[in-house]
Amino acid sequence: MRLWEFPDQYLVDPTDGSSSSILAVSRLDGSMNLIDEIPQCNTVRVPKIQTIYGVVGMLKLLAGKFFNYLKIISTYSCSIVFSLLVNSDHKKVYLLPRVWTWGEKCGRVRPQRPYQKLVGIVALVGSYLLVITGRECVGSYLGHSIFKVTSLKVFPCDHSLKNFPEEQKKMESEFSRLLKVAERTPGLYFSYDVNMTLSAQRLNDLGDESKLLPLWRQIGADPRFLWNNYMLEVLIDNKLDPYLLPVIQGSFQNIQAAIGKEILDVALIARRCTRRTGTRMWRRGADSDGFVANFVETEQIIQIHGHTASFIQVRGSMPFLWDQIVDLTYKPNFEIVKPEEAPRVAERHFLDLRKKYGNVLAVDLVNKHGNEGRLSEKFCQAVEPIVSDDVRYLHFDFHKICGHVHFERLSILYEQIEDFLIKSRYFLLNEKGEKVETQGGVVRTNCIDCLDRTNVTQSTIARKMLEFQLRRLGIFEAEEIISSHPNFDNSFKILWANHGDEVSIQYSGTPALKGDFVRCGQRTIQGILNDGKNALMRYYLNNFADGTKQDASDLIQGHYIVSLSRSMTPTAKKGGIEAVASFPLALGVILIGFFFALLSLRRARHDLWSLLFSFMWASMSLAIAVFVRSNGRTFCNRPRLHQPRR
């Protein structure tokens, strides 16, 4: 595709023949329409031209004041509070995060989602077009090319802001700054030919007629993994099917390995759910509808001799309401929110899993004692009423049994879940494309972050299931294992290590800990040192960067809730300690105080006044340090759009 940047509009010209029309996007208000040809260029209208690889979507931002007229609360299963927005001519009605249209003739609202009651209105200005400006082919999925987004760019359609007050311009500027953060979103993948949001088994179940539909229309039954779901809605409303490109966030790894004379193709896909997406410390636990943080579906697919086999696992935070708000400590305390709601939330979570995957085995890897033990106990209590033949719960104290180096003891866990895995099977197509096996259950693994311990465990289970599949296909003998093929073994370890690193970067900002075991099969000194470095980096990002990153995620996903009870702008005035709280400033004052204390102390033997000054400087620095520590949450980088539960 080519993107033409004219002074008054953007033009998206499909050069691949996917559409005979050209998409025109107004730079004044973001309105879209199709035109037949590129307008005439002249010395006044000189366009900039660049190659793009797809339209991610259109994002409409808010600016302006509340008129306290309408507000809407959705009854959709997510139970998200939405706000209904009307522009100045009252001919267009926008709903965050869903769009509604108001017909000029019929005079009534046509909802895309059910609603309960209308209660608030704000003005709407500022639209942003998101496009893919860089891509890299990273392999193939079921014979179709898969691309990774290497560059994402936001193009503003905000010329109308020139006539708005400075307050609204400043507000829009703050939102635009968050979109710059969103441009750096890691782990985005897409395909022009295959629906990456659906597993091989779900794709097979679509049927031939559904496969002929545009990719985005195949997603209607399960949009959990569609990263640009919210941003595509404007394009969908304008019936711009040729420009709709589904994008997922997660990971895609692909290897080919020789086993004797046979060539085995292995793909590993991670699909991150968008229902409760965000950063490590600002998205924990579940929401009231059972959608959990860091929920990732991992699919391992092999192709050999014309056969295709797929095995799915999932991970996700413990399914009840709990938080871990940063406060400058290395490990903030866990806080269980509304403990009486835990059984209901867990039940909704596992009901959803059963509908989508069949039987569920929940493997809980957290510590049995200490601070983590409180969460493990609550998890066990929450699932106790629903434990049955369809839902099983198993606690495995990873740190107690495996320690920090003996991860081979995960074989103990495998022995406990082997019967479930054999019973649940896996998806298998024969060389004729006929379905031979269906996966009827899933292992759900969690630790605290659902990153490090989880990835080590999932890689072990995936290895065992791959060996099981290869024996079924006649590639392996009865007792043959992957480690008996050194080259394949090494490639498989790297495959899962890269997978774990990419999933971890999206949630915590750093590669996964314990990755040396997944990559090398054992713990190494270098791996332990890297874990220490990554742990410190996580501390920094959690406390001083992830709040802004969380805001960017909420904005791009349409999770930002406008409320009449608080300002919708991220630049709302602060009062009290928050008005002056600055960790860099406080740290600077503390260090300066200690510097002068030491300087005065060196002169104390000759001058008693120097001893007094040294004591004063040291006391001041210590007092500030104690103040900062006691008000740690205030000095951290916190989300400002969508506040944590309290």
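Residues are numbered from 1 along each chain as its sequence is written, and side-chain values use heavy atoms, without hydrogens and water.

**Helices 14 and 15**

I found a left-handed crossing here (the near helix is turned anticlockwise from the far one by less than a right angle; clockwise is right-handed). Among the residues in contact are Phe 583, Ile 590 and Phe 594 of helix 14, with Leu 611, Trp 617 and Val 628 of helix 15 (contact means heavy atoms within 4.5 Å). Which classes make up this contact? I read 17 nonpolar, 5 polar and no charged residues (Ala, Val, Leu, Ile, Met, Phe, Trp, Tyr, Cys and Pro are nonpolar, Asp, Glu, Lys and Arg charged, the others, Gly among them, polar).

**Helices 5 and 6**

Next I looked at helix 5 (residues 342–357) and helix 6 (residues 370–383), whose axes come within 8 Å and cross at roughly 70°. Helix 5 and helix 6 are therefore roughly perpendicular to each other, and the crossing is right-handed. On helix 5, I listed Ala 342, Pro 343, Ala 346 and Phe 350; they meet Lys 378, Phe 379, Ala 382 and Val 383 of helix 6. By class, this contact has 7 nonpolar, no polar and 1 charged residues.

**Helices 1 and 13**

Helix 1 (residues 166–182) packs on helix 13 (residues 546–557) at about 95°, with the axes 8 Å apart. That makes helix 1 roughly perpendicular to helix 13. The contact includes Phe 175 and Arg 177 from helix 1, and Asp 551 and Leu 555 from helix 13. I noted 8 nonpolar, 1 polar and 3 charged residues.

I then turned to an open sheet of 5 strands, in the order 4-3-2-1-5, with antiparallel pairing (two strands pair if DSSP finds at least two bridges between them). Strand 4 (32–35) and strand 5 (48–51) are at the edges with a single partner strand each, so one side of each has no neighbour in the sheet. The twist averages 25° from one strand to the next.

Strand 1 (residues 2–5) pairs with strand 5 over 4 bridges, and Glu 5 has Lys 48 as its bridge partner there. Strand 3 (residues 22–26) pairs with strand 4 over 4 bridges, with Ala 24 opposite Asn 33.

**Confidence**

Last, I checked pLDDT (the predictor's confidence in each residue, from 0 to 100): the mean is 84, and 85% of residues reach 70 or more. Residues 63–124 fall below 50, though this stretch has 156 contacts beyond near neighbours in sequence. Residues 561–573 also stay under 50, with 40 contacts beyond four places in sequence. Where pLDDT is low, the predicted coordinates should not be read in detail.

Key
Predicted model: local features only at pLDDT ≥ 70, side-chain atom pairs only at ≥ 80, totals over all residues. Axes fitted to C-alpha atoms, helices over the stretch in contact; angles between N-to-C directions. Helix = DSSP H or I, 4+ residues; strand = E, 2+ residues; numbered from the N terminus. Parallel < 35°, antiparallel > 145°, perpendicular 65-115°, else oblique.
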